Amino acid sequence: PGNFTEMVGQQHVLQALVNALESGRLHHAYLFTGTRGVGKTTVARILAKYLNCDCGVTATPCGECGACAEIAEGRSVDLIEVDAASKTKVEDTRELLENVQYTPTRARYKIYLIDEVHMLSKQAFNGLLKTLEEPPPSLKFILATTEVRKIPVTILSRCQRFDLKRVSIEEICKHLKKISTKENGKISDEALKLIAKTSEGSVRDSISLLDRALISQSISRNEIIQEKDVRIMLGLADKSKIISLFKEVLTGNEKEALKCLTALIDNGLDAKNFLNDMLEVLYLFSRKINLGPLDKDVSISESEVQMVDQYSKNIDMQDIALF
């Protein structure tokens with residue numbers, strides 16, 4: 001995304017940043033936290049563009065001026081991106097802070113984008129403290145991290161913190177559909193839903209899984225990639241087969257249960273994924289028994305809902321608890 005309107009999710013963070021830009025209430029240090037692939041570094045780069053646009057500090061940058069183009073292409077001399085994972089030593093931080101006092105070369109602000117900031121050493125954090133507290137007026141710090149607990153409280157108290165959430169399955173599905181249309185990829189909605197669910201709220205993970213699914217499709221054929229194709233690609237079991245296996249286990253039909261399991265293993269089922277799927281099915285059964293119908297659940301199909309409804313009639317909650 002080149003601006004906030006193109007971003008998927010995180011509206012609570014984007015709205016706060018837009019309000020700050022429009023009112024001119026800018027902070028000298030921002031901290032973006034959240035799990036992998038939810039847009040921390042992306043938000044940071046777009047914010048840098050908004051701060052340094054030649055049209056002025058704005059929530060609607062032109063995207064065409066020299067500053068916007070340089071930041072978009074990753075060649076701006078005043079946006080210094082630091083990977084804290086490879087610059088953990090205090091000497092690296094000292095070198096970085098020595099250049100802080102110099103004014104921006106071309107843009108309005110000199111911006112330091114420190115990615116994975118939790119990887120800095122204790123001494124490096126101490127070196128950063130004073131500068132974070134009293135930075136020059138032309139300096140902005142943008143920090144990004146997946147592990148906010150590892151950052152000292154003294155650093156946290158000097159930053160304006162924004163927590164980025166996992167993106168919902170519906171939003172990821174919508175985004176993936178848009179991408180697959182642009183890329184002329186033929187993929188079913190059920191397959192997209194499975195990719196969105198597997199990505200666990202990470203937009204980046206979902207895009208790379210979609211890419212993997214699309215390149216596995218033959219160029220010459222016009223076949224649509226189905227959910228079963230994605231399951232094979234990811235080593236996931238068909239949920240209806242897991243539910244059938246669970247039914248055989250509950251009825252004590254050992255022979256059929258082993259036959260179901262062997263068939264799943266022959267299809268390249270991953271053991272860890274199998275255990276996760278099994279726990280998910282147990283959860284679906286307990287939810288049906290305790291809370292009633294499984295309506296409006298995007299994670300399972302109508303046929304699977306019917307199977308759960310049918311098999312859960314004779315199951316006692318104590319059995320589910322034992323499993």
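Student: What do the buried residues of α11 pack against?
Tutor: In this predicted model, the buried residues of α11 pack against α8, α10 (227-234), α12 (254-266), α13 (271-291), α14 (302-311) and α15 (317-322).

Student: Which residues of α11 are buried?
Tutor: Lys 239, Ser 240, Ile 242, Ile 243, Leu 245, Phe 246 and Glu 248 are buried in α11.

Student: How many residues are in α11, and what should they span?
Tutor: Helix α11 covers residues 239-250, which makes 12 residues, and at 1.5 Å a residue the helix should span 16 Å.

Student: What follows α11?
Tutor: Gly 252 follows α11, and the phi of Gly 252 is positive, near 80°.

Student: Which residues other than glycine have a positive phi, for instance Gln 10?
Tutor: Gln 10 has a phi near 60°, and Asn 184 has a phi near 55°. Most residues other than glycine have a negative phi.

Student: Where is Gln 10 found, and is it buried or exposed?
Tutor: Gln 10 sits in the segment before α1. With a relative accessible area of 5%, Gln 10 falls under the 20% limit and is therefore buried.

Student: And Asn 184: where is its place, and is it buried or exposed?
Tutor: Asn 184 lies in the loop between α7 (169-182) and α8 (189-198). Its relative accessible area is 62%, over the 50% limit, so Asn 184 is exposed.

Student: Turning to the core, how many residues has the largest nonpolar core?
Tutor: The largest nonpolar core has 26 residues, and those with the most contacts inside it are Phe 4, Leu 17, Phe 32, Val 43, Leu 47 and Ile 111. At least two residues of this core come from each of α1 (11-23), β1 (29-33), α2 (40-52) and β3 (110-115). The largest share, 7 residues, is supplied by α2.

Student: What is Ile 111 in contact with, leaving aside its neighbours within four places in sequence?
Tutor: Ile 111 is then in contact with Ala 48, Leu 51, Asn 52, Asp 78, Leu 79, Ile 80, Lys 140 and Ile 142.

Student: Which residues does the second, separate core include?
Tutor: That core has 23 residues, and Leu 31, Ala 124, Phe 141 and Ile 151 are among them.

Student: How many cavities of 30 Å³ or more does a search of the whole structure find?
Tutor: The search finds 1 cavity of 30 Å³ or more. The largest cavity has a volume of about 70 Å³, and its lining consists of Val 82, Lys 87, Asp 92, Thr 93, Leu 96, Ile 114, Leu 120 and Leu 128. Helix α4 (residues 90-98) gives the most to this lining, with 3 residues. By class, the lining of the largest cavity has 5 nonpolar, 1 polar and 2 charged residues.

Student: What is the volume of the second largest pocket, and which residues lie nearest its centre?
Tutor: The second largest pocket has a volume of about 500 Å³. Of the 22 residues that line this pocket, Pro 1, Thr 42, His 175, Val 203 and Ile 207 lie nearest its centre. Two or more lining residues come from each of α2, α7 and α9 (203-215), and α7 gives the most, with 4 residues.

Student: How do the residues of that lining divide?
Tutor: The lining of the second largest pocket divides into 7 nonpolar, 6 polar and 9 charged residues.

Conventions:
Residues numbered from 1 in each chain as written. Predicted model: local features only at pLDDT ≥ 70, side-chain atom pairs only at ≥ 80, totals over all residues. Heavy atoms only, no water. Core = buried A, V, L, I, M, F, W, Y, C linked by side-chain atoms within 4.5 Å. Buried < 20%, exposed > 50% of the residue type's maximum accessible area, 1.4 Å probe, protein only. Contact = heavy atoms within 4.5 Å. Expected span 1.5 Å × (residues − 1). 1 Å grid on protein atoms, 1.4 Å probe; cavity = no way out; pocket = protein on both sides within 12 Å on 5 of 7 lines; lining within 4 Å. Points joined across faces, edges and corners; volume = space filled by probe spheres on them. Nonpolar A, V, L, I, M, F, W, Y, C, P; charged D, E, K, R; others polar.
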